[in-house]
Amino acid sequence: MTKRDEIKLLGTAASPYVNRVQFVLKLKSIEYEFIEENLACKSELLLTSNPVYKKIPVLFHANKPPISESLVIIEYLDEFRPDVHRILPSAPIDRADNRFWANYIDNKYFPLYEDLRQTPGKEGKEAVKKQILEGSVLLEEAFEKFSNGKAYFGGDDIGYLDVVLGCFLGWVQFGNKHNEFNAFDEVKTPKLAKWADRMLSHESLQGIIPGNETLMNFYMMLQIHKPPRAA
Ligand SMILES: N[C@@H](CCC(=O)N[C@@H](CS)C(=O)NCC(=O)O)C(=O)O
């Protein structure tokens, strides 16, 4: 067991990128100290440990250099503790395919939710919702391929893409509720809808997916610091 003071995670509970790291630390039974970051007034620790992006999460492992970017961090943890709950598949081609879809989720799919928040007017929002639903259909196809009839992207157990997409589920639900739509539609994306229910009730995600109040506070902070575009 890693000593508690060996690993520190700088973040905030509402961040899905931070939640990913928390999720992998939990899956791998690694103890750590959580350092709360205030994004409305960034700490010196954040600015000096991630001077390139100035974003959370940042992982500190003993006296090694800090590690930034959630995907980089979870892969580091997978290599650091390979004997407990491997999240990336063993074949290089499967790892490449997993990374491709993780990049799609981070660079194309999830940014659409921020776009939805920032886009003014009903018509504009409907156009973004359509793009989200098209993205969900692509993810449904990816799920079919990776899960191969099993419960998770990782097959019988939680894998890399379950962590990557699973940690967005709190925000997906929040987006659904506040925009009156369903991104993981039971008709258009039935397998993804069932997967989402399975993930949200999975024991290892309990206490990691933020509750509504935490999400709402973060959302209000975004509305102030990054207000929606003018109509
Ligand atoms: N690509 C980064 C994204 C991290 C990210 O966007 N973090 C947000 C919090 S959810 C942040 O720190 N935002 C501060 C800012 O944009 O200045 C990762 O995967 O770690």
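The second largest pocket has a volume of about 200 Å³, in a model that is predicted. The protein is divided into domain 1 (4-80) and domain 2 (92-225), with bounds that come from an automatic or database domain assignment. Local features need pLDDT of at least 70 and side-chain atom pairs count only at pLDDT 80 or more, whereas totals for chains, interfaces and linings use all residues. Residues are numbered from 1 along each chain as its sequence is written, and side-chain values use heavy atoms, with hydrogens and water left out.

**Pockets**

- A pocket is an open set of points on a 1 Å grid over the protein atoms alone, where a 1.4 Å probe fits, with protein on both sides within 12 Å along at least five of seven lines; lining residues have an atom within 4 Å of a point.
- Volume is the space filled by probe spheres set on the points, which are joined across faces, edges and corners.
- In the second largest pocket, 15 residues form the lining, and Ile87, Leu88, Pro89, Phe153 and Gly154 lie nearest its centre.
- Helix H4 and helix H7 (160-166) each contribute at least two residues to the lining of the second largest pocket; helices (H or I, at least four residues) and strands (E, at least two) are DSSP runs, numbered from the N terminus.
- Eight nonpolar, four polar and three charged residues line the second largest pocket, where Ala, Val, Leu, Ile, Met, Phe, Trp, Tyr, Cys and Pro count as nonpolar, Asp, Glu, Lys and Arg as charged, and the others, Gly among them, as polar.
- The largest pocket holds about 1200 Å³ of space.
- Its lining consists of 38 residues, with Tyr17, Lys55, Phe110, Phe218 and Lys226 nearest the centre of the largest pocket.
- Two or more residues of that lining come from each of H1, H3, H4 (92-109), H5 (111-118), H8 (169-179) and H10 (212-225).
- The lining of the largest pocket comprises 20 nonpolar, nine polar and nine charged residues.
- Domain 1 and domain 2 each give at least three residues to the lining of the largest pocket.

**Domain arrangement**

- The centres of domain 1 and domain 2, taken over C-alpha atoms, are separated by 21 Å.
- Contact (heavy atoms within 4.5 Å) joins 17 residues of domain 1 to 24 residues of domain 2.

**Helix packing**

- The axes of H1 (residues 16-27) and H3 (residues 70-80) come within 9 Å and cross at roughly 5 degrees; axes are lines fitted to C-alpha atoms, for helices over the stretch in contact, and angles run from 0 to 180 degrees between N-to-C directions.
- H1 and H3 are therefore roughly parallel to each other, a term for angles under 35 degrees.
- Tyr17, Arg20, Val21, Val24 and Leu25 of H1 make this contact with Ser70, Leu71, Ile73, Ile74 and Leu77 of H3.
- By class, the residues of the H1 and H3 contact are eight nonpolar, one polar and one charged.
- For H4 and H5, the axes come within 5 Å and cross at roughly 10 degrees, which makes H4 roughly parallel to H5.
- Ile105, Asp106, Asn107, Lys108 and Tyr109 in H4 meet Pro111, Leu112 and Tyr113 in H5.
- The H4 and H5 contact has five nonpolar, one polar and two charged residues.

**Backbone geometry**

- Most residues other than glycine have a negative phi, and most peptide bonds are trans.
- The peptide bond from isoleucine 56 to proline 57 is cis, with omega near 10 degrees.
- Proline 57 lies in the loop between helix H2 (44-49) and strand E3 (58-61).
- Serine 29, although not a glycine, has a positive phi of about 55 degrees.
- The loop between H1 and strand E2 (33-36) contains serine 29.

Conventions:
Parallel < 35°, antiparallel > 145°, perpendicular 65-115°, else oblique.
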